[in-house]
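Let's take a walk through this model together, one stop at a time. Keep the viewer open as you read.

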Amino acid sequence: MMLSIKNIHANIDGKEILKGINLDIKAGEVHAIMGPNGSGKSTLASVLAGREEYEVTEGTVTFLDQNLLDLSIEDRARAGLFLAFQYPVEIPGVSTTNFIKAAVNEKRKYQGKEPLDALAFLKIMKEKMALVEIDQSLLSRSINEGFSGGEKKRNEIFQMAMLEPKLAILDETDSGLDIDALRIVANGINQLRNQNRAILLITHYQRLLDYIQPDFVHVLYNGRIVKSGSKALALELEEKGYDFITEETDL
Amino acid sequence: MNEDLDMLEQSALNDYKYGFVTNIDTDTIPKGLNEGVIELISKKKNEPEWMLAWRLKAYAYWLKLVEPTWANIKHPPINYQDIIYYAAPKQKEQLNSLEEVDPELLRTFEKLGISLNEQKRLTGVAVDVVMDSVSIATSFKEQLSEIGVIFCSISEAIQKHPELVKKYLGSVVPMTDNYFAALNSAVFTDGSFCYIPKGVRCPMELSTYFRINAENSGQFERTLIIAEEESYVSYLEGCTAPMRDENQLHAAVVELVAMKKAEIKYSTVQNWYPGDKEGNGGIYNFVTKRGICLEDYAKISWTQVETGSAITWKYPSVILKGDHTIGEFYSVAFTNHHQQADTGTKMIHLGKNTRSRIVSKGISAGQSQNSYRGLVRAAKGAINARNYSQCDSLLLGDKCGAHTFPYIEVKNKTAIVEHEATTSKIGEDQLFYCRQRGIDAEAAVALIVNGFAKEVMNQLPMEFAIEAQKLLAISMEGSVG
Ligand SMILES: Nc1ncnc2c1ncn2[C@@H]1O[C@H](COP(=O)(O)OP(=O)(O)OP(=O)(O)O)[C@@H](O)[C@H]1O
Ligand SMILES: [Mg+2]
């Protein structure tokens, strides 16, 4: 098992948002999480990434045989957990290239490897740029500063490609993308899909799942996973909306 | 959240690496200041009569002044009678070569990363090193003199080039300029002197490294740079001091004179001991730096990276006297713990078509206070004067302060003065984003700070840029992309 979430409860500012999440993810699998606005999807992603505003009050998370909740934010990242943010943050003055180079070398250091020199780094960067068809000019700009919504999302997937995570959590990477960009980004993600890597896709739209075929689909509602199924579940949701599930649960 | 803030505050707390003391016999005079002390200093330096007279005049003037209080700084009163005004490492009277420098001193400077051995130096930087009150050695002197460049200690210049010293000393910063300039004029002990003759582009960086070693002593250095017509020089200044519990005073005066079409680029990496985390000890850095673009098309550019000192009070300025002259000021001031910095510049536009540019980046951490204070003045005759000022502040944590005091005095309608200011804070979201990518908070802060300061750092000569980057605890910014 790559990731095993058992009965996670989490609060923010004293308000319980996650109310007992259970989820197991194996290497090579793609899981999609869907659910209405405010149901706790981003919260789950943040808790896994270690955001300190969230207090985990109950439950355990095992990631690659380690107790994930014991690791610092940066060690979780270095161990292979990657979060593509729903709202990537702008950091003025820090060039995207330098930022990614720092990230890549931190990870290498964690693995006991030498840092990449500028040349080797640029070579890898060139390869991965092609993957998400990202423009070089974007990478010399300050990270995310003034990027369009779509450019930010593309940059997240570019970073994923550069960091080669074990587990990638993609929080609404599809929202804000135009039709062509969606196809390109989805393509990139598909190419990054392999038997050693797991992907957790958070999305509102079946559209993305046409491109990236998930092995499992879960519905998160009011802090709990209320239904899990195959790809067919996403199609059913698209057709009927969340009501058919939420009404069931609310009863 | 709080943990992150703690890390933010800690990230800047790199321990001061230059705080050691060199054990060397020091020739010191008793504490205190009076005419006798000034006479003694002058005698120790074997100065001509006119120099002593100049000093005594400055002293008499200083006695009439009171310490200024307008800066945004706080400190207990300074007891000027409790300071040693002359301290010199004991070594042979006259050095014929660098080999004769006391090995203990050579080791000290090796430890500080300053190699005095000319053969060992790969980079073309000539260094004058000043320990406490005296200049220890100046490298590359001969090579420079072949092209007519004079680079020596000010003491030596007083002996060997009295006509130049007499003409220019106090011509930019008069002894009556301000309290600390008057004090410096009375008691200055050493510093550097550079003279670049007409048409010469100085082929190497000239640099002075200042070190305070002795206890209870103050350092009062005096630097004078003269660039004749169509000459160019890039001058660097660095400094460190041992960690001591008491505050030590450093009151320097730097004067620059640029003639027609001459250019002087003056860079400082100021790393005096800042005091400990509780705010004990550290250097009071009260400095008057000013340049004058005396003739047309001259250019003076100040670049400073200020990381040290308990208190910094300093406004490197340019008087744009000639027509079409240019003044620039690029500054990064980083304060931490209980450090206080009140720094900025003055651009005095007198000539026609004069231009100035001010880029100030203040970074405050811990409980420090960081103020930018700048004056832009366009006189009546400064037709078409242009100034652009940009003052950015970055706050690390929420116990520090950033302040901006821009003063603008425009006396003619054709002048255009622009001022922009921003204040930003490193946000939790930004830190989380970095940490999620495996970059810990400390490295993230360094990355952000470096990005923030980049525009100024890029102005520094290569070798200094590296030192300055290390100072800001920075890893790789600027090497790619
Ligand atoms: N600081 C806070 N205090 C109180 N409630 C909060 C706080 N932060 C988030 N919440 C609430 O937590 C709930 C879950 O938010 P979350 O961002 O996880 O939803 P989501 O499922 O990702 O929604 P969306 O689909 O809109 O992205 C929301 O109701 C939100 O308002
Ligand atoms: Mg969300």
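**A buried glutamine, a helix and a metal site**

The side chain of B:Gln339 comes to 3.0 Å from the backbone oxygen of B:Thr307, a polar contact (N or O atoms within 3.5 Å, one able to donate a hydrogen and the other to accept it; residues adjacent in sequence count only if both atoms are side-chain atoms). This is a predicted model, where local features need pLDDT of at least 70, side-chain atom pairs count only at pLDDT 80 or more, and totals for chains, interfaces and linings use all residues. Residues are numbered from 1 along each chain as its sequence is written, chains are lettered from A and ligands numbered from 1 in the order written, and side-chain values use heavy atoms, leaving out hydrogens and water.

B:Gln339 sits in the loop between β17 (326-335) and β18 (340-349) of chain B; strands are DSSP runs of E with at least two residues, helices runs of H or I with at least four, numbered from the N terminus. With a relative accessible area of 4%, B:Gln339 is buried (under 20%; exposed is over 50%, partly exposed in between; 1.4 Å probe, protein chains only).

Now turn to the magnesium ion (ligand 2). Its protein donors (N, O and S atoms within 2.8 Å of the metal, or 3.2 Å for Na, K and Ca; water is not among the atoms, so sites may look incomplete) are A:Ser42 (OG) and A:Gln86 (OE1), 2.0 to 2.2 Å away. Because A:Ser42 belongs to helix α1 (residues 41-49) of chain A and A:Gln86 to the loop between β6 (81-84) and β7 (91-95) of chain A, the pair ties together parts 44 residues apart in sequence. A:Ser42 is partly exposed at 26% relative accessible area, while A:Gln86 counts as buried at 15%.
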